Amino acid sequence: MSEHDQELLTARAIGTDPTRVEGPDKVRGRVPYAYEHPVEDPLYLFPVQAEIALGRVVEIDTEAAEKLDEVLMVLTHENAPPLADTEDKELAVLRDGTVGFRGQYLGAVVAQTPEAAREGAGLVEVSYEQDDHDADFRPDHRGRREPEEGEDDVDTGDVEAQLEQAEVVVDATYRTPVEHNNPMEPHTTIALWDGQTLTLWMSSQGVHPARKELAPVLGLERDQVRIISPHVGGGFGSKGVPHADLVLTALAAIACEGRPVKYAVTRQQMFAITGYRAATEQRVRLGARADGTLTALAFESVAMSSRTKEFPETASSPARMMYAAPSRLITQRLVPLDVPVPSWMRAPGEAPGMVAMEIAMDELAVATGVDPIEVRVRNEPEVDPDTGLPFNRRRLVDCLREGAERFGWRDRDPAPRTRRERGWLVGTGVASATYPANRQPFSQARVHFTGERYDVSIAAADLGTGTWTVLAQIAADALEVPVDQVRMQIGDSDLPRATVAGGSTGLASWGAAVVAAAQAFRAQHGVDPAAGDSAEGTAGKNPAAEKLSMHSFGAHFAQVRVHEGTGEIRVDRMLGVFSAGRVVNPRTARSQLIGGITMGIGMALHEKSELDPRFGHVVNRDLAGYHIPTHADVPQIDVHWLDEDDPSMGPVGARGMGEIGIVGAAAAIANAAHHATGVRVRDIPVLADAFLGG
């Protein structure tokens with residue numbers, strides 16, 4: 001890493017709030033999303049999916065489907081093009097007749113029209129030899145085990161003895177359900193195989209990482225796969241890794257060489273194919289002195305996973321570094337089941353983990369009679385309790401203090417059920433937020449001077465987060481030119497390599513590469529370049545990551561009302577205050593934080609995928625049954641951030657904001673509900689019947 005990487009850019013465009021450069025085209029409908037890219041003479045795919053949760057296919061009868069005039073072919077495990085690498089069982093589609101979960105792909109009908117493809121899929125008859133499946137998530141399941149890859153258990157001091165001796169003990173179990181990402185744009189792909197190159201127009205959070213995973217599965221070299229994804233209609237993590245739909249579409253395109261194949265995963269299919277947040281159960285035990293100071297912390301998490309492919313929802317992660325306690329026990333376990341494969345969903349691990357941690361801290365505050373903000377302040381660690389490293393910027397207390405002032409916390413009566421307004425009980429709550437601040441290495445960028453403007457290219461992704469705009473701002477400052485002299489090119493694997501838009505790492509990772517390319521350009525060509533001059537730059541590893549515990553922090557405040565007669569719960573207002581480094585664009589940053597808090601409202605009050613263990617599928621697998629917040633559910637949301645920068649993150653000084661907005665938001669709402677009613681709810685979503693017990 002060069003020396004300049006630790007020097008912050010002088011802010012000219014950074015910190016201003018230009019509107020999105022692609023915004024006008026989006027509102028006019030001129031921006032093509034994956035399914036909308038123009039291709040000539042396309043075919044259409046519709047899948048055949050398993051209707052059992054475990055077993056094997058005895059026979060697939062495709063004759064009726066193949067007789068339809070517009071159907072070109074029906075792919076099954078008996079005739080599909082071979083896969084070169086089947087180690088990843090999620091991606092190993094149509095390899096044999098085994099069934100690992102309900103909804104698994106068993107075939108695909110390819111036709112001249114989407115209607116014919118769907119009709120043909122309905123005519124395919126599958127007979128099975130069915131095995132007894134297990135889709136019932138129970139934390140005491142006999143198959144419970146440690147994750148194959150993950151962090152080691154923490155066991156420092158004699159936790160059990162400290163809990164026995166503690167003046168105050170909180171011992172409670174918290175549950176979070178299966179949740180599904182449900183971005184506005186579903187997972188869609190157009191695949192074209194010309195005999196040498198596979199081109200995929202797809203909705204992806206990372207075209208280079210996706211190509212890296214897909215190419216060996218299909219037996220292709222990386223340069224034989226091109227992925228194009230300039231605009232993504234949301235993802236929340238579900239588009240961060242390839243799923244089976246991409247492989248299925250690619251196989252169909254290979255079988256139909258020379259003609260593009262289009263597949264739009266339906267909303268119902270997404271509930272089985274494109275990942276989800278796994279259910280968790282978390283037992284938290286806190287031992288403390290009478291003044292609220294922790295003496296022991298035990299956090300034991302169990303999460304659901306899939307026997308097809310392991311994905312650990314590591315809800316125990318934030319407990320490792322959040323609060324100081326001399327004795328700690330932290331464990332993470334999984335229960336693999338015959339269910340679809342879970343995957344990333346906004347703030348995986350931290351989002352469910354901080355539900356438990358922050359409700360437990362509120363329970364500690366109530367048990368000790370200490371203000372909920374003060375009990376958190378009293379348990380601030382001086383260094384990371386997990387690693388012993390100093391923090392890069394730990395300004396949680398500043399966020400709590402700033403938020404308390406803005407929210408009017410001082411006027412709060414700490415006693416529950418003390419505020420009534422026309423039949424509604426009103427309460428307020430608080431919760432902390434945290435998320436790792438990482439920067440992925442080895443993104444690259446290129447600067448090319450056309451004679452009139454600077455073309456800056458990097459294969460980054462824009463999920464609606466503002467990447468087109470904020471990278472142009474960073475490039476402008478690094479080149480010391482106005483923003484309107486910069487034109488970005490992103491979302492294409494033919495462009496210089498970029499890491500995935502995940503883990504709130506995009507801006508810091510790609511921004512460092514853009515700065516490196518701009519500085520290389522100026523070093524080679526000066527301030528008066530000639531048309532055609534270009535240069536590339538690479539962002540390497542962040543040296544500060546080995547010396548510091550890198551995190552962002554925040555504080556959520558919520559006011560809710562609960563109807564005394566019906567138990568209906570509504571959020572009146574929310575406030576979030578965050579420490580996330582330098583803010584490149586206040587407009588897009590505010591949008592990200594409000595979006596995260598809105599998703600936190602959904603997590604707290606609405607979202608739950610009802611998995612029926614008898615059949616192994618989600619019952620409410622559409623947006624009629626799977627509830628997310630609408631405009632009427634979203635109250636006044638106010639967000640602020642501390643005025644700061646973070647040189648340890650590199651030349652931009654920014655940390656990600658995509659995920660910290662959701663972390664802790666649901667806990668703040670649950671804590672406010674307790675303050676309103678005196679009823680402690682430990683399972684989310686918080687529903688009306690929780691307040692109607694008597």
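Here are some notes on this predicted model, point by point.

1. **Ground rules.** The model is predicted, so local features need pLDDT of at least 70 and side-chain atom pairs count only at pLDDT 80 or more, while totals for chains, interfaces and linings use all residues. Residues are numbered from 1 along each chain as its sequence is written, and side-chain values use heavy atoms, with hydrogens and water left out.

2. **Helix H3.** Have a look at residues 114-123, where Ala116, Ala117, Gly120 and Ala121 are buried. They span an arc of only 135 degrees around the axis, which puts them on the same side of H3. Here "buried" means under 20% relative accessible area, "exposed" over 50%, and "partly exposed" in between (1.4 Å probe, protein chains only). The arc is taken from the directions from the helix axis to the C-beta atoms. Helices (H or I, at least four residues) and strands (E, at least two) are DSSP runs, numbered from the N terminus.

3. **Around H3.** The face turned away from the buried side of H3 carries the exposed Glu115, Arg118 and Gly122. Covering the buried residues are, among others, S1, helix H2 (63-66), strand S3 (71-76) and strand S5 (105-111).

4. Ile684 and Pro685 are joined by a cis peptide bond, with omega at about 5 degrees; Pro685 sits in the segment after helix H14 (665-677). Asp41 is not a glycine, yet its phi is positive, about 55 degrees. You'll find Asp41 in the loop between helix H1 (23-27) and strand S1 (43-49), partly exposed at 45%. Arg422, also not a glycine, has a positive phi near 50 degrees, and it is exposed, with a relative accessible area of 82%.

5. **Salt bridges.** The count is 50, using a side-chain nitrogen of Lys or Arg within 4 Å of a carboxyl oxygen of Asp or Glu. One of them pairs Glu22 with Lys26 at 3.2 Å, N to O; Glu22 is buried at 5%, whereas Lys26 is partly exposed at 24%. Arg395, Asp398, Glu644, Asp646 and Arg655 are linked in a salt-bridge network.

Conventions. Contact = heavy atoms within 4.5 Å.
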